[in-house]
Protein chains: 2
Amino acid sequence: MFDKTDKLSVNAIRMLSIDTVENANSGHPGLPLGAAPMAYTLWTRHLKIDPKNSKWLDRDRFVLSAGHGSAMLYSLLHLSGYQVSLDSLQHFRKEGSVTPGHPEYGLTDGVEATTGPLGQGLGMAVGMAMAEKHLAAMYNKPKFKIIDHYTYSLVSDGDLMEGISHEVASLAGHLNLGKLIVLYDSNNISLDGPTDMAFDEDIQKRFKGYGWQYLKVADGNKLESIDQALSEAKENTQQPTIIEIKTIIGYGAPKQGTNKVHGNPLGKESVAVARKFYHWSYAPFEIPAEVYSRFRELVVKNGEVHYQKWQAVFDKYQKEYPELAHQFRTSFANEVNEEWSQKVPVYTAEQQLTEASRATGHKVISAISKCNPHFWGGSADLFSSNKTDAEDSQAFEPENPRGRNIWFGVREFGQAAVLNGIALHGGSKVYGSTFFVFSDYLRGALRLSALQGLPVTYVFTHDSIAVGEDGPTHEPIEHLMNMRAIPNVNVIRPADANEVIGAWKVALASKKTPTVLVLSRQNLPVLPGTDRLAAEGVKRGAYVISHSQKAIPAGILIATGSEVQLALAAQSKLLENEIDVSVVSMPSFELFEHQSQSYQESVLPNAVDARMSLEMGATLGWERYVGRKGLALGIDRFGASGDGTEIINHYGFTVDNVVQLFEKHL
Amino acid sequence: MFDKTDKLSVNAIRMLSIDTVENANSGHPGLPLGAAPMAYTLWTRHLKIDPKNSKWLDRDRFVLSAGHGSAMLYSLLHLSGYQVSLDSLQHFRKEGSVTPGHPEYGLTDGVEATTGPLGQGLGMAVGMAMAEKHLAAMYNKPKFKIIDHYTYSLVSDGDLMEGISHEVASLAGHLNLGKLIVLYDSNNISLDGPTDMAFDEDIQKRFKGYGWQYLKVADGNKLESIDQALSEAKENTQQPTIIEIKTIIGYGAPKQGTNKVHGNPLGKESVAVARKFYHWSYAPFEIPAEVYSRFRELVVKNGEVHYQKWQAVFDKYQKEYPELAHQFRTSFANEVNEEWSQKVPVYTAEQQLTEASRATGHKVISAISKCNPHFWGGSADLFSSNKTDAEDSQAFEPENPRGRNIWFGVREFGQAAVLNGIALHGGSKVYGSTFFVFSDYLRGALRLSALQGLPVTYVFTHDSIAVGEDGPTHEPIEHLMNMRAIPNVNVIRPADANEVIGAWKVALASKKTPTVLVLSRQNLPVLPGTDRLAAEGVKRGAYVISHSQKAIPAGILIATGSEVQLALAAQSKLLENEIDVSVVSMPSFELFEHQSQSYQESVLPNAVDARMSLEMGATLGWERYVGRKGLALGIDRFGASGDGTEIINHYGFTVDNVVQLFEKHL
């Protein structure tokens, strides 16, 4: 089944990869030399892709979780006819090239995910497999399998050491993700040396414990064995499969089997030795014609056939199920049905209603869900607290893959990586949730949402010391400002129900930016005027929620979330003392900074120096708006356990204290 | 072996816990009702503690990883004679009490670790067991076992779902931590409902895969079975043991076995039912005398005997091994031998040397290590890059527990929790390391270093876009400002070799605050004057590294790390243009903010408004020093893959750009 040309092709991947690294004088040659056979076998014998149509919805997904092996991925993409030229390979790791140090989604044709931060590639692959399972259940009909593909991930020892690998593998096992297949490049070496210095688990036992199928290929150079294992993995559609493939890192190089070949170019002499080992007499970057034609035949041509078959099925499907087909297309186009906003209550201050913003969030999610069958999400075992289950939806479970409430378990980091994977897959609008303080657990994946430009929505509840009794381990302090400092994230902390609705509108409209919604545990009153102002105000990041009576206010109180009501109360009190200030509600720094200078000036007139910010979180960063001589009421120490209201008072968030501080400051 | 009074005592723990929760009208009754038997058996039959001497160095450690079960822990502490009064229990979750919502280290007598954020308690327990193994190897002598104790942790389903549980369990298995014993309260319920909605792993297979001993107690109410399992666990000193103990959450309450009893008070009626179930006729908070005396006998009195025995051994040890005993005592007192600073090179600008700050860091670590046998630490598989191995030290391995370079594997979060555990145990000065960008993976544990007041040192290298080729996944942007916003963390980004030495001095002197050292991958020149200025300058957080020639400068350039050299070059160029500015090196915001107003004024005169900050990271937060009308040169988007120097230039960190921006700003 495998011939000389196959072997030549495997070596072509190896040589192209080390030429690429050597030419750049930077990169990782070890993985490609060891893992080329498994990659080749997968790509030419199993992977259902159409390189000329690389965004085809029903393609198999391949995620190189061990992203440092990027040179191998780029070599495969080049040989398979993706838009990755030899010239690009020769500009590996150069500014502006499509071949950056680690694979970047959106930058390079055929790259399915940004990887490099270990473990997360596997997490995103799990998300893709969940998306496949869910969409197949949603859209497939007898005779019409419009979503029916596998998700593959290539992982390293390092990936499996990371905690996130546990979270997502356990979840995948629970969900019976039978179409998830993981190739484990098991070479017993990590960056610092032999893995047995720190890592000697029995992967078979561990993954069987998760409910996976475990297969082993003892010799990672045997294409037949790899091929057979892949076939066996595909046959088992009830369990995810991990194939442990024993390889030798840097195989063929003088220092093969050691960490010396992991992360640095081999150097001229070693490259020469490797070339000799592989009987490779071609010039650097020269690929034998038969290799190109083998890829053309097995990948490109087969890919075209696959795609055409699918297109034919889909054409018929559109006729037979026009509504579903429409929904399918709009879902992949990331469109949202906005009618949901008519299904949420109208909130006015006159009702004198108080409602926790997490509770409003629950109503909003339920409404969005009703009007948008592609909207789904979940919680890391905190549905009851986050209030993020959609009312009319069921749990997404192995027996019920149409379900749209995802029970992630106590797996925050895994949750976030999975959300990224679902978003990357396409066809869904997704969200996740946990306590705001535990956003710390998932920071690595939230950053990858932002870096990849994925419009994932994070709902973080229990947003401050107002949490009260649970104490400092459960009370966010630095988190708001932390989130704001991440590039390409819209952080929104709504002040009341109307701002929650506005915030979700922003989140749903986003195409390239994740949204972080920061919601309260405690009840908040509906504020005067937000029924008119909040939709536009939230979109613009900040707005004057209560004007001073003068053209130029005597000062400005700027607040977010639950502190806006405090600012309004302080405003009244100050006015009694003949200090006439305006109050600005500023749910989002980022959105405000995208506004025109004139809008910004209208909200925060430059001439007004007497400014005070009110937010139950770290003050560092508020100087952007209050200035270095300004006044920031915040919290720069940890919280405390006690009655929420008492704690809030104790930390100085009272009308009297605000008034006193502001008057002193004037 | 167990009699009626034992059973009464178990029920006393249950009733005291639910009285405590009920009285507070807040808390978690489910765990205590289910887990009281295992806790009782452990505390009365196995745990080697002396409640009257709760800081005794050789006590067994007990970490309640499932920190939400705090009411049970406080009940145990009360009954065992710690300084936790009935009155304290009656002030559970009230401000200022010693009984906060989740256990807090340092606040409550007998609490060994702050827990609540799931998974981390187990991680800290692993760290404590590592400390025990290491210190035993360092100090014990034939006939003198001055360190010889077990570490126990009680974990929940949620703990084992968290990724960190994988990292630390795998590490513990690798290290053969035979004196680590985990009691797994296996009740199949988590906050949202039955765990089988998300979690159905085979814990036995999983932990055997890690190399642990697995034991099972089928009925968590059988004290004899628990006792026997604990004995068996203790006998196996070659493997850590997990004892899966099947329990019923909220046992005895009407809604037992469901998530309804997890996190809310039971309510009057349910409490009445539970009382009836347990035939409990005592008033709330009333404890039968025989229960107190049982605890007095088994815990308090035995504890005194244990301690006295140990003290006798230690007295002799001091005579036989006075030097070791002295070292042992000073180590536990967290003292540092400062002679190390004579073992690092003298750096002057005249040498025209350039050295990466991570490379200087390596020399410093090696020097500290030589003079301080209690100083140890490691890296999450990045020794070769972080340069954090101590030169003359060996690896800490199962066969070589005296080794002081810890190979954590690719387990950042686990690493940080373990460091916390080692610090909590006492007797060590510890540090860990990884790439700065991957501090995202360990944020949850770094926060617990700060909250617990543990002087752990984090060495984060590859501090900016200067990383270059590895690209945006490996280039920190928001991380510096993120770290600065966490309460009780000293973040230091040194500008050159002398500042690195100064930074380590601060880290070593710290008793209650973790230190984050942010070091460069690329070479940095030794700057003029730092040989004189840096030690004091770093300690004070910021200092004028180059004065203007006027009394009041025309402006101030404030920079950190690798950007200080840029600021100095820009200063010269500006002076050519007759703009006479000073340059401030500001390695640490926090340390600067602790200085007197007059010192701060001497560095950053209030009158000078023309200020510019230079730092290759997020700008949000720099307004604290440059003001809202000031100028912050930073990076508010993601990095890029390419040659480091080119990327730096591209992002505007050139002398010309600085000069141009500053002149325009003036």
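These legends cover close-up views of a predicted model. Local features need pLDDT of at least 70, side-chain atom pairs count only at pLDDT 80 or more, and totals for chains, interfaces and linings use all residues. Residues are numbered from 1 along each chain as its sequence is written, chains are lettered from A in the order in which they are written, and side-chain values use heavy atoms, without hydrogens and water.

**View 1. The interface of chain A and chain B.** Contact (heavy atoms within 4.5 Å) links 108 residues of chain A with 108 residues of chain B. The buried area is about 8600 Å²; this is accessible area (1.4 Å probe) lost on putting the two parts together, summed over both. Carbon and sulfur atoms give 54% of it. In chain A, A:Glu95, A:Arg447 and A:Arg628 lose the most area to chain B, together 10% of what that side buries.

**View 2. A salt bridge between A:Glu478 and B:Arg447.** Their side chains meet at 2.8 Å, N to O.

**View 3. The surroundings of A:His149.** Why is A:His149 classed as buried? Its relative accessible area is 1%, and buried means under 20% (1.4 Å probe, protein chains only). A polar atom of its side chain lies 3.4 Å from the backbone oxygen of A:Arg59. A:His149 also touches A:Lys48, A:Glu132, A:Lys179 and A:His425, among others.

Methods
Salt bridge = Lys/Arg side-chain N within 4 Å of Asp/Glu carboxyl O. Buried < 20%, exposed > 50% of the residue type's maximum accessible area, 1.4 Å probe, protein only. Polar contact = N/O pair within 3.5 Å; in protein donor to acceptor, adjacent residues only side chain to side chain. Lists of a residue's contacts leave out its neighbours within four places in sequence.
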